[in-house]
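Morning, everyone. Please have the sequence and the model open while I talk. I'll go from the sheets to the helix at the end.

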Amino acid sequence: MQRQSSASSDTHKNSLLDIKRECTFCQMEHIAPMVMKETPNLRLVADHAPVVEGHLLIIPKQHYTCYGDAPASLDAELFDLKQEVRRFFELNYTEPVYWEHGIFHQTVYHAHLHCFPIGPLIYDLEQHEHGQRIHGQEDIRAWHQEKGHYFYLEDGHYGYLFPPQAEDYSFIIKNELGPAVAAHSSYKQWRLSQERQVDGKPLIASAMGRWKEFEHTEQADAQSSSQ
Ligand SMILES: [Zn+2]
Ligand SMILES: [Zn+2]
C-alpha cells in the first residue's frame with residue numbers, strides 16, 4: 001500500500017523521467033556524432049536524415065516539448081545561433097529557412113528548429129491568408145499558452161505561426177518547402193526519412209566539414225578584429 005501511494009505522488013516526476021529516457025534528443029549517444037556546436041543551453045546538430053545538404057537542427061539541451069514551451073532566457077542565445085547558421089549558410093549554400101513542427105507534426109517530442117539552406121523563400125501572407133506573422137519568440141510562447149499546438153515557418157523576412165491543421169501543414173509543404181527543397185537538391189519529390197538517412201551520409205559529412213572550416217574563419221576574423 002505504502003509503495004503505491006508514494007508512487008502516485010511521484011507520477012509527474014516519473015513520467016518526465018520516462019519521457020527523457022525515451023527521448024532521442026535527451027539521449028546524448030544518439031546525437032553526439034552529429035553535434036557541430038554547443039552553447040550553454042543549445043546544440044547545433046546535423047539532421048540524421050537531411051532533405052538537402054546543410055540541413056541542421058537547433059536543439060535545447062533541456063527537454064521542452066517545443067520552442068513555445070521554452071523559457072525567454074533562451075531567446076538571445078537562440079537568436080545568436082540562428083545568426084551564426086545564417087552566416088554559415090550564406091557562405092556555403094544560400095539563405096536559411098527555419099521550420100518548427102511544434103508538437104503537432106513532430107517525430108521527436110523535444111523542441112527542435114530545422115534550419116534549411118533553401119532560401120530565398122518569401123511567404124506571401126496577403127496571398128495565402130494562412131498563418132499569423134510574428135515578431136519574436138515571445139509571440140510563439142503566447143500562442144502556445146493561449147492556443148496550444150502550432151507549426152512555424154520563418155522565411156527571409158518574417159516568422160509565421162500556423163494552426164495545427166493538416167490542410168495548412170500540407171499546403172505549406174506542397175507550396176513552400178517542397179518547391180524550395182526541390183530547387184536546391186537533385187530530388188524532386190519529398191522523400192521518406194529512411195531514404196534520406198541512407199542518401200544523407202555524404203551530405204552530413206560534407207556539411208560538417210564545411211562547418212569546421214567556417215568555424216576557423218570565424219575565429220580568425222574574431223582574432224583579427226580584436227587586434
Ligand atoms: Zn528530450
Ligand atoms: Zn523535426
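Two strands count as paired if DSSP finds at least two bridges between them. Keep that cut-off in mind. β6 and β8 are joined by 3 bridges, so they pass, and they run antiparallel. One thing before we go further: this is a predicted model.

Let's stay with β8. Which residue of β8 does R133 stand opposite? It is Y160. On β8 there is also β7, residues 151-154, again antiparallel, with 4 bridges. There F151 stands opposite F162 of β8. β7 and β8 make a hairpin, and 4 residues lie between the two strands.

Now look at the side chains of β8, residues 159-162. In a regular strand, side chains alternate between the two faces of the sheet. Here G159 and L161 point one way, while Y160 and F162 point the other. Buried or exposed, these four? All are buried.

Next, β5, residues 113-117. How many of its 5 residues are buried? The count is 4, so this strand is mostly covered, given that buried takes 20 or more other C-beta atoms within 10 Å. β5 pairs with β3, residues 56-60, through 3 bridges, antiparallel. I58 has L113 of β5 as its bridge partner. β5 also pairs with β4, residues 96-100, through 4 bridges, and that pairing is antiparallel as well. In that pairing, W99 stands opposite H114.

One more pair of strands. β1, residues 35-38, runs antiparallel to β2, with 3 bridges between them. K37 stands opposite L44 of β2. This is another hairpin, with 3 residues between β1 and β2.

Now the core. The largest nonpolar core has 42 residues. Which residues have the most contacts inside it? They are L56, I58, I59, V85, I118, Y152 and L161. Take L56 as an example. Leave out its neighbours within four places in sequence, and L56 touches L44, V45, A46, D47, V85 and C115.

On to the loops. P120 is in the loop between β5 and α5. The peptide bond from G119 to P120 is cis, with omega near 0 degrees. Why does E129 count as exposed? Because it has 7 C-beta neighbours inside 10 Å, and the limit for exposed is 12 or fewer.

Now helix α8, residues 193-226. Where does α8 bend? At G200, by about 55 degrees. A proline, P202, follows within four residues. G200, L203, I204 and A207 are buried in this helix. Look at the spacing of those numbers. An α-helix has 3.6 residues a turn, so residues three or four places apart point the same way. The buried residues of α8 pack against β2, residues 42-46.

What about the ends of this region? S193 lies in α8. S193 is exposed, because it has 12 other C-beta atoms within 10 Å. S193 and H48 are 145 residues apart in sequence, yet 8.8 Å apart in space, C-alpha to C-alpha. Q227 comes in the segment after α8. With 4 C-beta neighbours inside 10 Å, Q227 is exposed too. Q227 and I103 are 124 residues apart in sequence and 46 Å apart in space, C-alpha to C-alpha.

Step back to the whole chain. It has 8 helices and 8 strands. The radius of gyration is 19 Å, close to the 17 Å that the globule rule gives for 227 residues, so the chain is as compact as a globular protein of that length. Buried residues make up 27% of the 227. Of the contacts with a separation of 6 or more, 66% link residues 24 or more positions apart.

Last, confidence. The mean pLDDT is 90, and 93% of residues reach 70 or more. Residues 1-9 are below 50, and beyond near neighbours in sequence this stretch has 0 contacts in the model. Where pLDDT is low, the predicted coordinates should not be read in detail. That's it from me.

Methods:
Residues are numbered from 1 along each chain as its sequence is written. Chains are lettered from A and ligands numbered from 1 in the order in which they are written. This is a predicted model: local features need pLDDT of at least 70, side-chain atom pairs count only at pLDDT 80 or more; totals for chains, interfaces and linings use all residues. The bend at a residue is the angle between axes fitted to the seven residues ending there and the seven starting there. Two residues are in contact if their C-beta atoms, placed from the backbone, lie within 7 Å. A nonpolar core is a set of buried Ala, Val, Leu, Ile, Met, Phe, Trp, Tyr and Cys residues joined through C-beta atoms within 7 Å. The radius of gyration is taken over C-alpha atoms; the globule rule is 2.2 Å times the number of residues to the power 0.38. pLDDT is the predictor's confidence in each residue, from 0 to 100.
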